[in-house]
Amino acid sequence: MPNHASRRTLLAAAALAAVTVGGATSAASGARRAPDDPRAPGGPPGRRTDRARLRRLVEGMSLAEKVGQLFVSRAYGHSATDPDPADAERNLALFGVRTAAELVARYHLGGIVYFAWAHNTRSPQQIAELSGGLQRAALATGARVPLLLSTDQEHGAVARIGRPATLLPGAMALGAGGRVADARRAARIAATELAAMGIRQDYAPVADVNVNPANPVIGVRSFGADPRAVAALAAAQVRGYQSAGVAATAKHFPGHGDTETDSHVGLPVMRHTRALWEELDEPPFRAVVEAGVDAVMTAHIVFPALDPSGDPATLSRPIVTGILRERLGFRGVVVTDALDMAGVRQKYGDDRVPVLALRAGCDQLLNPPDLGLAHRSVLAAVEAGELTEERIEESVLRILELKTRRGLFEAPGATAARTAETVGTPGHLAAADEIAAGTTTLLANPAGLLPLDAAAAPRLLVTGADPASPTGTTGPPTAVLARELTALGCRATAVAPERAAAAAAGHAAVLVCTYNVPEGESPQRTLVAQLVASGVPVVSVAIRNPYDAARLPACAAELATYTWTDVEMRAAARVITGAMRPEGRLPVPVPGRYPLGHGLSYP
């Protein structure tokens, strides 16, 4: 059962933080922009749009072409025109065509979203070639409008593109660092590399305020539990992404931070009152709108205080139009979360969902489960008068304005030379390490075990959880941590958890990586208890949710890294050995153990 007392503790702490700092800052004050405000969508950073020219372009499109611009679909394969046979067969079964290029031409698509599981992201050079092939297909057919190519490259726990691209700390790690400049720098590096691969829309940053330790889908993807801090960091990332030519997409409106159901598999319900929403969930979205965010992604959640109809937010006109458009003054592109997720498919059929999303005020329809059915349904709704063609044109115009701001009508493609000289450069990799250096949080060190004296070459045992790499190109974290400790002068060995207790004797310390430890008894808790009982000093390292510390026996030292990718493991090794001082502060409270903002350092 969820720990509601713990959730209330986090809500109270986050609300107190908001009150303590005087509520929303000027960036989150909610002041609406005049239509000619240069920071609003359509102004800098980016290119100004010629609405009259774009209107003429829209007027010259057929209805099918206009409807196609609303859809962003997956497509299988590493190549636009020559996918592997299995991917060609998958495309044929789902879409009636064999290649991604044919899919673009058939449906006049506005965009393609890249996934690793669709075999789109094998390497930076391959991605750039795929992007170029898709853009050539778009410019050779129909209205000849370039595609908006997109992906989820949040960094940290969610990333679709792995090494040799630069992998940066995720949102909660940045929240622990607390440096707005680092958040912006990380986003700019990420966007620079995405743009070099032809990707001009990133579904980031996450603007949700995570106040529920039991949240199964947000957690460390959030910057934290303090709405003011989340607002500042999310706005900084918007500016970072868009300064490098990539459309930022703040998500998941109106806020997904206090749910206990994953919207990929069910329909979450947000129980906040309207007053609590305004205090806790609204400030980051106000901030990103003030920062000129290009796009906002909706959440597949029911929010009774904002709309009692029982419709998910993605299909709610009171939420999308009434709050996001009218209350917050957002004039950019509203994109749905993926329409193949269970949260948006429980109440209505796949033929109705895209129509209702447009009626609610959404513009981009992301990854419908049946693209042909969705496309036909929108066409039929226009022909039946449920949607007007003018309403379709409003969304198409917003999408074209975004494409213009990001320079797609001038240079939509990517080049192999630019990709090679931009992605995973030594400068970017060094910057990732510099940013990570301020994120590791020392939670406990009661007897002063840390830092370990690497000059004495202590024997260390590393064990614990080894979750799969988000990109398949990093880790495993225990091996990486052992390698990095050894490089710093220690003699570290990684062993499997089942061998750790027997192998502990004779070591100066045992380091245990933990990953989302549940409440109550669990194999991870048992492992830590066995190691503590061995008498060898134990250092627990929470490599995802920092809440692990409250669910384990007390250890000689406790750390939180917020991500289990290599860059965070390197930072943890440097903190453990004293090569750098711990600087991170908890961006969320750990109920029953540590308050928001807690973090130790060395004398």
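Before we look at anything, one definition: contact means heavy atoms within 4.5 Å. A second one goes with it: axes are lines fitted to C-alpha atoms, for helices over the stretch in contact, and angles run from 0 to 180 degrees between N-to-C directions. Third, helices (H or I, at least four residues) and strands (E, at least two) are DSSP runs, numbered from the N terminus.

Now the model. It is a predicted one, where local features need pLDDT of at least 70, side-chain atom pairs count only at pLDDT 80 or more, and totals for chains, interfaces and linings use all residues. Residues are numbered from 1 along each chain as its sequence is written, and side-chain values use heavy atoms, with hydrogens and water left out.

Let's start with the sheet. Strands of a sheet pair through backbone hydrogen bonds, either parallel or antiparallel. To count as paired here, two strands need at least two bridges found by DSSP. Our sheet is open, has six strands, and runs in the order 11-16-15-14-12-13, with mixed pairing. Which strands sit at the edges? Strand 11 (441–444) and strand 13 do, each pairing on one side only. On average, neighbouring strands are turned by 25° against each other, direction ignored.

Look at strand 14, residues 509–514. On one side, five bridges join strand 14 to strand 12, and the two run parallel. Thr463 stands opposite Val512 there. Strand 14 also pairs with strand 15 (residues 538–542), again in the parallel sense and over five bridges. In that pairing, Cys513 has Val541 as its bridge partner.

Is strand 14 buried or exposed? Buried means under 20% relative accessible area, exposed over 50%, partly exposed in between (1.4 Å probe, protein chains only). Six of the six residues of strand 14 are buried, so the strand is largely enclosed by the rest of the structure. Ala509, Leu511 and Cys513 point one way, while Val510, Val512 and Thr514 point the other way.

Next, what packs on this sheet? Helix 17 lies across strand 12, strand 13 and strand 14, and runs at about 170° to strand 13. Helix 19 (residues 523–533) packs on the sheet too, touching strand 12, strand 14 and strand 15, and its direction makes about 170° with that of strand 14.

Stay with helix 17, residues 477–487. Its buried residues are Pro477, Thr478, Val480, Leu481, Ala482, Glu484 and Leu485. Their cover includes strands 12, 13 and 14, and also helix 20 (566–576). After the helix comes Gly489, with a positive phi near 120°.

Now cysteines. Cys490 is buried, at 3% relative accessible area. Cys513 is buried as well, at 1%.

Let's move to helix 9, residues 227–243. It has 17 residues and reaches 24 Å from its first C-alpha to its last. That is close to the 24 Å expected at 1.5 Å a residue. The expected span is 1.5 Å times one less than the number of residues. Of its 17 residues, 12 are buried, so helix 9 is largely enclosed by the rest of the structure. Among them are Pro227, Val230, Leu233, Val238 and Tyr241. At its start, a side-chain oxygen of Asp226 comes to within 2.9 Å of the backbone nitrogen of Arg228. Gly245 follows the helix, with a positive phi near 90°.

Thr249 is in strand 7 (residues 247–253). Its relative accessible area is 0%, so it is buried. What does its side chain reach? A polar contact of 3.2 Å joins the side chains of Thr249 and Gln201. Such a contact is a pair of N or O atoms within 3.5 Å; within protein, one must be able to donate a hydrogen and the other to accept it, and residues adjacent in sequence count only if both atoms are side-chain atoms. The side chain of Thr249 also reaches the backbone oxygen of Asp202, at 3.1 Å.

Last, Asp337, in the loop between strand 9 (333–335) and helix 12 (353–360). Asp337 is buried, at 10% relative accessible area. Leaving aside neighbours within four places in sequence, Asp337 is in contact with His252, Met297, Thr298, His300 and Leu366.
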